[in-house]
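Have a look at the chain below before reading on. We'll start with the overall picture and then zoom in on two spots.

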Amino acid sequence: MGSAPAAALFWRATAARRPEIEPPPPPPHPDAPFALLNRPDAPPDATREHSRPVAPPAAGDLPATPAVPIAGAPQMFNIMNYQATVSGKRRPVPVASGGNRIDALPDEVLQHVLSFLPAAQAVQTCVLARRWRGLWKSMPILRITSEGRTLNRQGVRKLNKFVNHLLLLRDRIASLHTCEVELSTFRSQDVPEVNLWIRHALLCQAQTLTVHLSHDNNIFELEDLPLVSCHLTRLDLCNVVLNDHILNFSSCPALEELRIEGCYTHADMIMSQSLKRLTILDCIFYLTTRARISSPGLVALELTELWGRTPLLESMPSLVTGSIKLANCDDCCRKEDGGSCFSDNDTCEICGANNDGSGDCVILNGLSEAERLELTAEPSVYVFKRDLIWCPTFSKLKTLLVGEWCMDANLGALMCLLQHTPVLEKLTIQLNESPSILTGTEGMYKSTGQPFASNTPKVLEIKCEKMDERVHKILTFLSTNDIHIDEINIEHSVGSSEGTGSWTFSSLDSARLALEEHSVEEHV
């Protein structure tokens with residue numbers, strides 16, 4: 001619709017191989033897909049087939065579409081009957097009896113190939129030859145796209161009309177594996193009928209559903225109705241508004257993967273019993289009360305760059321991998337800049353799980369069964385530190401990555417984590433460039449009553465952009481508490497002002513000695 005159709009692209013790409021073939025037919029009119037959908041079957045006479053014009057649409061719908069000659073279509077595919085030899089010359093390749101190699105392919109293969117094209121271009125292939133007329137009706141994948149163009153009011157109306165006809169004329173018996181809706185900016189009082197297309201795709205038993213809208217249209221609301229499908233296994237939503245009911249996936253018992261990016265959420269709960277992989281990126285949680293994630297079957301969880309209040313994680317006994325990266329959320333201390341937001345007598349309402357000071361653990365309880373965790377946050381985000389008051393025991397955790405948030409004045413947060421990770425094998429501490437919170441207020445954390453868990457980590461990895469006092473502080477802390485570590489790796493990150501590099505040590509003492517020598521060299 002905006003770019004050259006598939007047939008014309010194929011012709012130009014193979015121009016060097018066919019000097020003896022006539023020039024290709026002109027590309028269809030930009031509105032051709034709408035007319036092609038309604039094109040009546042041509043009579044069996046080949047001559048009439050090549051010369052019959054495309055039937056115009058109904059009066060008042062669209063301008064008449066010019067005829068699309070297809071006499072050159074068979075010759076276009078004959079070029080596939082040649083292949084290059086070592087000398088650069090071409091020789092004929094044996095073909096299936098009665099036709100060329102394209103004709104020998106089954107319909108399922110051709111439909112699979114068409115599935116890689118946007119729906120409008122796939123429909124245009126119906127003019128190539130008689131056999132291609134109905135192939136688009138049974139494609140297993142539908143790619144509904146504006147092809148990168150900004151849509152005005154007329155463009156939105158044409159898109160709606162085309163997609164509605166496409167879905168209406170599609171073979172209802174043919175299975176639909178994937179439906180993708182990817183639209184650029186639309187500036188119009190009329191809007192694409194995305195909600196209608198979603199429901200139709202689910203009726204066609206789609207297994208994968210993707211809806212990606214432009215960031216310019218991120219106030220587009222999906223219908224606040226539950227999705228109902230026994231076949232949907234993967235859902236990918238980007239730049240849409242999500243309300244309560246659409247995030248209740250109780251009626252999607254086969255759903256295993258959910259990805260939400262750049263969305264506005266007005267929901268009390270994200271709920272699914274079958275979900276195994278959940279990814280939420282750069283989303284805004286609007287409600288004053290904290291949303292909950294209830295998905296006990298989760299195996300992998302990623303929450304990155306969330307805005308608003310961080311969701312509360314309910315029990316996830318099957319969790320293997322978790323990654324929580326917080327930056328611009330509302331779970332920041334508002335009582336003192338850089339200090340703890342809780343005390344003996346009260347709990348900060350800003351960080352309370354439900355804004356009532358009830359003191360529920362927000363994140364760590366839900367992650368307590370994981371085997372691998374990444375927990376990073378900006379220094380002002382206190383939700384991790386606050387959770388350490390009720391810190392659970394991570395009985396399965398073997399690999400842990402923490403960020404700058406654990407670098408308080410006495411490293412109490414780090415000590416608390418080590419006390420509650422009895423089988424930890426590898427600890428990674430990722431430090432920012434500037435030590436902004438090293439002198440922060442000491443926190444109040446839950447103690448196990450013993451210095452550390454029975455098994456201390458075998459490998460310590462410190463990633464930093466500068467070899468400063470924080471690295472020395474970590475090594476001194478571990479040495480002072482008699483924590484034996486078999487291997488210490490210190491790595492400069494790519495953005496380091498001192499250049500990239502890494503050091504490996506077999507003991508804390510050797511690491512401390514090497515860092516002291518490094519500091520002396522810096523001051524010389």
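## The whole chain

How many helices and strands does the secondary structure of the protein chain come to? There are 13 helices and 23 strands, taken as DSSP runs numbered from the N terminus, with at least four residues (H or I) for a helix and at least two (E) for a strand. Keep in mind that this is a predicted model, where local features need pLDDT of at least 70, side-chain atom pairs count only at pLDDT 80 or more, and totals for chains, interfaces and linings use all residues. Residues are numbered from 1 along each chain as its sequence is written, and side-chain values use heavy atoms, with hydrogens and water left out.

Of the chain's 524 residues, 48% count as buried, meaning under 20% relative accessible area with a 1.4 Å probe, protein chains only.

## Around Ser 184

Ser 184 sits in the loop between strand E4 (178-183) and helix H9 (194-203). With a relative accessible area of 19%, Ser 184 is buried. Leaving aside residues up to four places away in sequence, Ser 184 touches Ser 146, Gly 148, Arg 149, Ser 214 and Asn 217; contact here means heavy atoms within 4.5 Å.

His 212 is 28 residues from Ser 184 along the chain, and their C-alpha atoms are separated by 8.6 Å.

## Helix H12

Buried residues in H12 are Arg 470, Val 471, Ile 474, Leu 475, Phe 477 and Leu 478. They cover an arc of only 160 degrees around the axis, so they lie on the same side of H12; the arc is that of the directions from the helix axis to the C-beta atoms.

After H12 comes Asp 482, with a positive phi near 55 degrees.

Conventions
Buried means under 20% relative accessible area, exposed over 50%, partly exposed in between (1.4 Å probe, protein chains only).
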